[in-house]
Amino acid sequence: MRGAVLNSIEDARLVIRDDVAVVGPGADEVLIGIRAAGVCHSDLSARTGGLPLPMPGILGHEASGEVVAVGDGVTDLAPGDHVIASWLPPCGTCAPCRHGQPYLCFTHMVASYASPRFLVGGAPAYGMAGCGAFAEQMVVPRSGAVKIAADVPFEIAALVGCGVMTGVGAVINTARIEPGSTVAVVGCGGVGISAIQGARLAGAAAIVAVDINEAKRELARRFGATHAVHPDGLAALGREITGGDGVDYAFEVVGLPQTIRAAWKAARRGGTVVIVGAGRADQTVEFTPSELLFDGKRLLPSLYGSADVRRDYHRLLDLWRAGRLDLAGMITQRVTLEQVNEALDALGQGDVIRQVIDFG
Ligand code: PAD
Ligand code: ZN
């Protein structure tokens, strides 16, 4: 089958190969035929080495498709079922799982980085975050495939698998904002636009879209932003619309030290700063001990929208069906697998929100 393979960080390009094969499905695993895959900034970060991935690697982790085959012990999925893939499938037994935090379970992800689920030209290759959706098929653990209704378009379902779950979940699961809250969202890509939609759903009174790209600031208004500003103007605007205090909730959806600081600065004393952006492990962001205590701000990490995907994918699709979550509007470009490098290059540029690879 065809797949987009990253051989090394230095290459900085994925190579489209037609000699890719899957390993499995073994017991408790599911083979998915990918029908649509979104292009997320985390894929770009994996291509540049900002997020870890064993090589050779197959990127792609925001995907939907059809079950092709199931391994021994999988009794509740069958060939032909439509599914969304989860890149953080819960194992059910680790400490975070036992504490009701399935979005922190790394068991299957670590396993996928230890035992390759692909072969490229007969040699072992690894899928990103337990997935590897930039290929025609991939194998995931049973809990990494969530069955959905067959009438949901695959491209809509794909977005739910990462960007939308992450952005909406950051607002409704991680921060649990109150109606009437004032909100700033720093970074208005697919994840940030989803956070803006989440804030609108949750009844925010003011939603400030913050982006260096003017086209993105304008687009954000369509999805619920009440104000839009360049990062340089954020602190002033935040104070202006809150009578001098700063916003109740600031969501950082870029993954850079300076945008984390900008979100911190935008939040009022006693407000909440939510870290959604997936930054590099070799960068640091500084806080003084004094501000960490005396500003009284809460700093909340939000991995995968603090989701329980078995519940939340369906919640998001129900909101989409009800016309309260605009997912079609977030798909700004459709591309082929052969165009994946250009799609990664285009992230953050122009009017790109989400590009979806159509596998037909
Ligand atoms: P994207 O590239 O589509 O959007 C990023 C946006 O940030 C673009 O609109 C940029 O113009 C804007 N931007 C860039 N630099 C700045 C800056 N200095 N100030 C303000 N805006 C800026 O990315 P995305 O929406 O796909 O992903 C956003 C982040 O979320 C990225 O770090 C990704 O890796 C992370 C992510 N986290 C999770 C999670 O579980 N926490 C899941 C998925 C993605
Ligand atoms: Zn993602």
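## Thr166 in helix H4

Thr166 sits in helix H4, helices being DSSP runs of H or I with at least four residues, numbered from the N terminus. The model is predicted: local features need pLDDT of at least 70, side-chain atom pairs count only at pLDDT 80 or more, and totals for chains, interfaces and linings use all residues. Residues are numbered from 1 along each chain as its sequence is written, ligands from 1 in the order in which they are written, and side-chain values use heavy atoms, without hydrogens and water.

Thr166 is buried at 7% relative accessibility (buried means under 20% relative accessible area, with a 1.4 Å probe and protein chains only). Its side chain reaches the backbone oxygen of Cys162 at 2.8 Å. Leaving out residues up to four places away in sequence, Thr166 touches Trp87, Val191, Val276, Tyr304 and Gly305 (heavy atoms within 4.5 Å).

## The shell around ligand 1

The shell holds 28 residues, each with a heavy atom within 4 Å of the ligand. His41, Asp211, Lys216, Val276 and Tyr304 are the closest. Helices H1 (41-48), H4 (154-175) and H5 (190-201) each supply at least two shell residues. Domain 1 (3-161 + 327-358) and domain 2 (167-303) both contribute, so ligand 1 lies between them. The domain bounds come from an automatic or database domain assignment.

## Atoms facing the ligand

A polar side-chain atom of His41 lies 2.6 Å from a ligand 1 oxygen. A backbone N or O atom of Gly190 is 3.1 Å from an oxygen of ligand 1. For Ser302, a backbone N or O atom lies 3.1 Å from a ligand 1 nitrogen.

Conventions. A polar contact is a pair of N or O atoms within 3.5 Å; within protein, one must be able to donate a hydrogen and the other to accept it, and residues adjacent in sequence count only if both atoms are side-chain atoms. Buried means under 20% relative accessible area, exposed over 50%, partly exposed in between (1.4 Å probe, protein chains only).
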